[in-house]
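Work through the exercises below with the structure in view. Each task is followed by a solution in steps.

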Amino acid sequence: MMSDVVKFHFDVDGSDFSSAGAASVSVKKKLRQLGYSPEVIRRVSIAMYEGEINMVIHANGGTADVEAGDDKIVIVLSDKGPGIPDVELAMQAGYSTAKDHIRNLGFGAGMGLPNMIKYTDDLRIDTVVGEGTTITMTVLL
């Protein structure tokens, strides 16, 4: 491993489902090159992918920043979307506000936040309705 924190930044395009997940795929490759364990890479990739998809579905995209260090990997996803009016409700498995056309594409099943919680050691949601949401996820090594 390294002794310095390695940082990655991505802009998540909110207008194109075909590019959704590109940042998490890129991070997966970079973490593999840096020598992180397959289990850590899997957890980071799943959590980050779910967050990316949520930004595309609900917020017209945003940004993803990843800091990979010796003891943890921190993922910060920020958007300028509508915000989450009821975080507790949004965290329930199966709850989704995704529109039918999104569901018809196979997205919006209401598993994004539950999976983000499941695959990380810490998850913080800072959201303001009408302004946007920042989700900070930590995976401990």
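**Exercise 1. Determine how E3 and E5 pair, and over how many bridges.**

Step 1. Strands here are DSSP runs of at least two residues (E), and helices are runs of at least four (H or I), both numbered from the N terminus. Two strands pair if DSSP finds at least two bridges between them.

Step 2. E3 and E5 run antiparallel and are joined by 8 bridges. Ile73 has Val139 in E5 as its bridge partner.

The model is predicted: local features need pLDDT of at least 70, side-chain atom pairs count only at pLDDT 80 or more, and totals for chains, interfaces and linings use all residues. Residues are numbered from 1 along each chain as its sequence is written, and side-chain values use heavy atoms, with hydrogens and water left out.

**Exercise 2. Work out the strand order of the sheet and name its edge strands.**

Step 1. Take E1 (6-13) and E2 (residues 61-68): they pair in the antiparallel sense over 8 bridges. Val12 has Gly62 in E2 as its bridge partner.

Step 2. Go on to E2 and E3, which are antiparallel over 6 bridges. Glu67 is opposite Val74 in E3, and a hairpin of 3 residues connects E2 to E3.

Step 3. Put together, the 5 strands make an open sheet in the order E1-E2-E3-E5-E4, with antiparallel pairing. E1 and E4 are the edge strands, each pairing on one side only. Neighbouring strands are turned by 10 degrees against each other on average, direction ignored; axes are lines fitted to C-alpha atoms, for helices over the stretch in contact, and angles run from 0 to 180 degrees between N-to-C directions.

**Exercise 3. Compare the span of H2 with the expected value.**

Step 1. The expected span is 1.5 Å times one less than the number of residues.

Step 2. H2 (residues 38-59) has 22 residues, and the expected span is 32 Å. From first C-alpha to last, H2 reaches 30 Å, close to that value.

Step 3. After H2 comes Asn60, with a positive phi near 60 degrees.

**Exercise 4. Describe how H1 and H2 are arranged, and which strands they lie across.**

Step 1. The axes of H1 (residues 22-34) and H2 come within 8 Å and cross at roughly 165 degrees.

Step 2. Angles under 35 degrees count as roughly parallel, over 145 as roughly antiparallel, 65 to 115 as roughly perpendicular and the rest as oblique. H1 and H2 are therefore roughly antiparallel.

Step 3. Contact means heavy atoms within 4.5 Å. Residues of H1 including Val27 and Leu31 meet residues of H2, among them Val44 and Met48.

Step 4. H1 lies across E1, E2 and E3 (72-79), at about 165 degrees to E1. H2 lies across E1, E2, E3 and E5, at about 5 degrees to E3.
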